[in-house]
Amino acid sequence: MEEKKVFLDGTENGSTWREELIKQLKIAYFDPSGKERSRRTLREEEEQKAASDFCLYVITPLMDDFENVSELVDDSNKFPERTVFCYLEQDGETQFNKHQLKSLKAVGQMVEANGATWLPDLEAVITYFNAQATA
């Protein structure tokens, strides 16, 4: 049986969600964070993402742009069976405000309506992917 893999996309900017997740994951993963961006590494990221069974998007209040949100919505349309979304209301001392949370809930509803998976927190993400590792 071939090992399944998840591509870890989403907020960087000093967020520690990846470290918290990786410590508990039983599924293979590709972590593109912290890598120097060049044409070669971008190509490798695209190849890794295409070869992964899942693409996880974790959005936190430390995000500095909306690129991941637009990629998430696009992937939830094109690849709903492999797209997984989670947002964290707080990341360290930084929190989303009430209006941002309303928008993220709308994104989650859109992602689900497209047939993709929306999970409420990192514990649910860990449970989901650890179950996928043995499926």
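Modeller: Let's start with a rule: two strands pair if DSSP finds at least two bridges between them. Keep in mind that this is a predicted model.

Colleague: Why are strand E4 and E7 said to pair?

Modeller: Strand E4 (residues 83–87) and E7 share 3 bridges, in the parallel sense. The rule asks for at least two, so E4 and E7 count as a pair.

Colleague: What makes strand E2 and strand E7 edge strands?

Modeller: The open sheet has 5 strands in the order E2-E1-E3-E4-E7, with parallel pairing. Strand E2 (28–30) and strand E7 (117–119) each pair on one side only, and that makes them the edges. On average, neighbouring strands of this sheet are turned by 25° against each other, direction ignored.

Colleague: How do you know that helix H3 packs on the sheet?

Modeller: Helix H3 (residues 67–78) touches strand E1 (5–10), strand E3 (54–59) and E4. Contact needs heavy atoms within 4.5 Å. The direction of H3 makes about 145° with that of E3. Helix H4 (residues 98–113) packs on the sheet too, touching E3, E4 and E7, and its direction makes about 160° with that of E4.

Conventions:
Residues are numbered from 1 along each chain as its sequence is written. This is a predicted model: local features need pLDDT of at least 70, side-chain atom pairs count only at pLDDT 80 or more; totals for chains, interfaces and linings use all residues. Side-chain values use heavy atoms; hydrogens and water are left out. Helices (H or I, at least four residues) and strands (E, at least two) are DSSP runs, numbered from the N terminus. Axes are lines fitted to C-alpha atoms, for helices over the stretch in contact, and angles run from 0 to 180 degrees between N-to-C directions.
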